[in-house]
Every structure is written in structure tokens, then in C-alpha cells.
Amino acid sequence: MTKYEHLYVIIEHEEGKIVPVSLEMLGEARRLMDDYNRRYAANEKVVAILLGSGVRAISDELIQYGADAVICADHPELRYSRNPVDTKVISQIALDRSLVLKFSSTSTEFERPRYMFFAADSIGRQLSSTVMTQLDSGLASDINKLVIGDLEIRHEHKTKGQPIVYERTLEMYRPDFSGFLWTTILCLDNRNPAITRDYYPQACSIIPGVFQPIEHDASRKGVILDYSPSFDPADLKVKVLSRRISKSAVDYDSRKAVVSFGRGIKDAPEENIKLVVELAREIDAEIGVSLPISKKPYPVSESLSSSYMVPDRVIGTSGRKVMPLLYIAIGISGAMQHIAGMKESGYVIAINPDPESPMKDECDIFVKGRMEDVIPLLLDELHALKPVMEARK
Ligand SMILES: Cc1cc2nc3c(=O)[nH]c(=O)nc-3n(C[C@H](O)[C@H](O)[C@H](O)COP(=O)(O)OP(=O)(O)OC[C@H]3O[C@@H](n4cnc5c(N)ncnc54)[C@H](O)[C@@H]3O)c2cc1C
């Protein structure tokens with residue numbers, strides 16, 4: 001018997017349609033906990049937490065994608081995500097032993113979840129930080145690899161310099177330093193006798209697109225529990241009166257090609273963006289950018305800056321996911337956060353003078369060269385082909 005048990009996954013949905021990252025998190029939770037239960041001869045559960053209004057029907061789907069139990073807070077006040085309200089309800093659920101006893105009768109000592117997963121998207125990034133503040137534990141953000149293991153740690157503060165084995169520790173890997181190095185983040189108890197303190201849940205937010213859902217299994221069985229949240233009038237001060245999802249002016253869905261540029265434009269930003277725009281126009285492609293470009297790192301004219309150096313065009317984990325027939329990456333190094341947004345493209349061409357750039361492993365054709373030299377050659381070829389293409393129409 002232990003105070004900390006089970007892995008809770010916070011589910012996101014859009015008006016009752018589960019967003020893909022939630023199923024990806026459930027898949028990874030299932031794989032981790034199956035392995036965990038085998039190794040530690042345990043019977044800890046994957047628990048999906050579902051908030052919304054009129055959403056109970058999707059609980060079955062969550063079980064079919066790997067949850068052992070679904071705790072569903074179905075309430076009109078939860079129709080739209082509001083951070084303070086959701087934070088309160090999730091924190092209430094996380095500390096509720098009576099709920100846990102309904103799917104795990106041995107959890108009589110339960111105090112809080114052992115692990116907790118959130119999505120690293122615009123809702124989950126904020127929610128994870130406010131829930132973990134409420135629960136007074138740690139959080140690792142933007143994680144793309146997870147391992148559970150026993151680690152020997154020696155730390156001046158945490159272990160008073162003594163080697164101590166931390167069992168069942170969640171190793172949370174985070175891509176850092178432009179996406180080419182990993183940091184491993186651990187949420188460890190203080191075992192130093194002078195400052196003993198536990199840190200649970202061990203929690204993280206998970207980058208969309210990095211894990212796979214498990215195969216859908218309509219025969220999977222699980223427990224669905226209804227939870228009635230309690231609110232104070234103060235919680236409900238912010239009302240959502242109406243909601244409109246604005247459609248992006250950037251059209252990645254109907255175009256067959258996307259031409260993206262990154263910091264490789266740096267030597268002549270204005271001229272190089274114009275080259276990219278001309279290439280995109282010639283092949284009727286939409287234009288994408290890497291994340292740093294959206295932060296306007298180079299001075300260019302206002303019209304180019306406001307049209308192209310914008311968050312709406314970012315491709316990757318912090319922006320959009322695209323899957324055109326043709327993706328051309330110009331002056332983009334190929335950090336994993338960018339790759340996650342374009343790896344399902346049909347055919348990929350990269351233009352880059354550095355043959356060591358990771359983009360080389362992600363493309364079908366790697367053109368080793370500077371964009372200033374390569375794009376004009378491509379444009380010449382396209383102009384020469386134009387009459388032939390026109391004749392074929
Ligand atoms: C939490 C988090 C989320 C992130 N999300 C995203 C995301 O969604 N999308 C994203 O893109 N990034 C994201 N990043 C940033 C990512 O890690 C990289 O820093 C970023 O993708 C690098 O952008 P880049 O390829 O334009 O620049 P760089 O890495 O600087 O690469 C520039 C490339 O241009 C090449 N080059 C140089 N001169 C020329 C030339 N004349 N012609 C052609 N090529 C040239 C260089 O060889 C180099 O390969 C995220 C980072 C973090 C920490």
C-alpha cells in the first residue's frame with residue numbers, strides 16, 4: 001500500500017471530439033504502466049480525467065484507447081475551458097481517494113497520483129502549471145521521451161550528499177538548446193533528514209505528435225466514474241458568453257506544396273524572403289517558417305515582416321502540422337520541434353549549405369548550397385518549364 005499511485009492523464013477535447021495528443025498520451029501511459037506493473041508486480045492504473053459538458057459519451061473511447069478508468073466531470077460550467085475552473089476541478093479529483101477506491105479497492109492509503117500527464121499545447125501548458133502549483137509539486141514542460149526506472153542519486157541538498165536509490169522515478173526528457181540536446185528532468189523527494197518532503201505527482205506536459213496512440217480496441221473494458229465538481233461563486237466570475245474560432249488566413253490544407261524558410265535567410269533577409277515568395281508563387285505553394293522567424297529576428301520591410309514573420313505560419317510543435325505532397329525546407333536546420341510539424345509530408349526537399357544539418361536525414365533530396373545561389377537556379381528551371389506545363393493543361 002502506498003500514498004502515491006496511478007497515472008492520471010488530463011484529456012483535451014474540442015466540443016466532444018478528443019484532440020489527438022490526448023490519445024497519444026494515453027498510448028504512452030498504457031505502454032509505461034504495463035511495463036511498470038510487470039516490473040514492480042503492481043496493479044496501478046491509467047486514469048483519464050475528462051472535463052466538459054455533454055462529454056460522458058466519449059469516456060468509452062478513452063477506455064478503448066488505453067484508460068483503465070475515466071473520471072468524468074460533466075457539468076454545464078465546464079463546457080468551455082477556463083483555467084481557474086479547470087484547475088480547481090482537476091486538483092479536487094487528484095486528491096479524491098473515494099474515487100480511486102472505486103477502481104482500485106486496495107488504494108486505501110491513496111493521497112495523490114504518482115504521475116500526471118498534460119498536453120504541451122496552448123491549454124495544457126497553462127493548465128499543467130496551475131494544477132501543479134495547486135498540488136504543490138514539480139512540473140517538466142515540453143517532454144518528448146519518458147522512462148520509468150530506479151536511479152541512484154547523490155545530491156547535496158536532496159540526499160545530504162549520500163547515494164540514495166529513488167525507485168519508480170519518471171525520467172522526463174526535454175529537447176533543449178535549439179532541439180539538439182536533451183535535458184532529463186526528475187521530480188525527486190527530499191530525503192535529506194533536515195528537510196524531508198515528498199513531491200507527487202511527478203508531472204509533465206507532452207509535446208503533441210511524439211507518441212503513438214495504441215491500436216483502438218473496442219473490446220477493452222474499464223470503469224467510468226462520474227464526478228460532481230463543487231464551485232464557489234468566485235470561481236465562476238469569468239463567463240464565456242460566446243466563442244468564435246477564427247480561421248487562419250494561412251492555407252496549408254488546400255495547397256499541395258509548402259515552402260518554408262528559417263534562419264538561413266540571415267545574410268540578406270529582405271532579398272532572401274523575396275526569393276522564397278517568388279519560388280512559392282511559381283509552384284502555388286503556401287509559405288511556412290521556423291519558430292525563430294516568427295520572433296522577427298532580422299530587420300526587413302514591414303510588408304514582409306507582417307506577412308511572413310508571424311506565429312500563424314510557424315510549422316512544428318508550437319505551430320501548425322502540415323502534410324503537403326511537397327515540402328521545401330530552406331535554411332532550416334531540422335530541430336525535432338520543427339520536424340514534428342512536417343514529417344508526414346509526401347516529398348521533402350531541403351536547401352542548406354551544411355551537410356551535417358539534421359534536416360538532411362529528414363528529406364528526400366538535399367541540395368547542398370546557399371539559398372541565394374540555389375533558388376535563382378530553380379526559378380530559371382521553372383520559368384523554362386512553364387511553356388511546357390501550359391501546353392499540357
Ligand atoms: C519548447 C520548444 C518548442 C519549439 N517549437 C518549435 C516549432 O514549433 N517550430 C520550430 O521551427 N522550432 C521550434 N522550436 C525551436 C527549435 O528548437 C529550433 O531552435 C528552430 O527550429 C531552429 O530554427 P531554424 O532552423 O530556422 O534555425 P537554425 O537552427 O539556426 O538553422 C538555420 C539553418 O540555415 C542554414 N543556412 C545558413 N545559411 C544559409 C543559406 N545562405 N542558405 C540556406 N541555408 C542556410 C544553416 O546551415 C542552418 O542549418 C522550439 C523550441 C523549444 C525549446
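Modeller: What follows is a short walk from the whole chain to the interface between its domains.

Keep in mind that this is a predicted model. Begin with the chain as a whole. It has 393 residues, and 51% of them are buried. The chain holds 10 helices and 17 strands. Along the principal axes, its C-alpha atoms fill a box of roughly 75 × 55 × 45 Å. Now look at contacts between residues at least 6 apart in sequence. Of these, 65% join residues at least 24 apart.

Next come the domains. The assignment places domain 1 at residues 4-236 and domain 2 at residues 257-392. Their C-alpha centres are 37 Å apart.

Now for the interface itself. Domain 1 brings 10 residues into contact with domain 2, and domain 2 answers with 10 residues of its own. Together the two domains bury about 690 Å². Carbon and sulfur atoms account for 58% of that area. On the side of domain 1 that touches domain 2, 5 residues are nonpolar, 4 are polar and 1 is charged.

What about specific pairings? Between domain 1 and domain 2, the count of salt bridges is 0.

Conventions. Residues are numbered from 1 along each chain as its sequence is written. This is a predicted model: local features need pLDDT of at least 70, side-chain atom pairs count only at pLDDT 80 or more; totals for chains, interfaces and linings use all residues. Side-chain values use heavy atoms; hydrogens and water are left out. Domain bounds come from an automatic or database domain assignment. Contact means heavy atoms within 4.5 Å. Buried area is the accessible area (1.4 Å probe) that two parts lose on being put together, summed over both. A salt bridge is a side-chain nitrogen of Lys or Arg within 4 Å of a carboxyl oxygen of Asp or Glu. Ala, Val, Leu, Ile, Met, Phe, Trp, Tyr, Cys and Pro count as nonpolar, Asp, Glu, Lys and Arg as charged, and the others, Gly among them, as polar. Helices (H or I, at least four residues) and strands (E, at least two) are DSSP runs, numbered from the N terminus. Buried means under 20% relative accessible area, exposed over 50%, partly exposed in between (1.4 Å probe, protein chains only).
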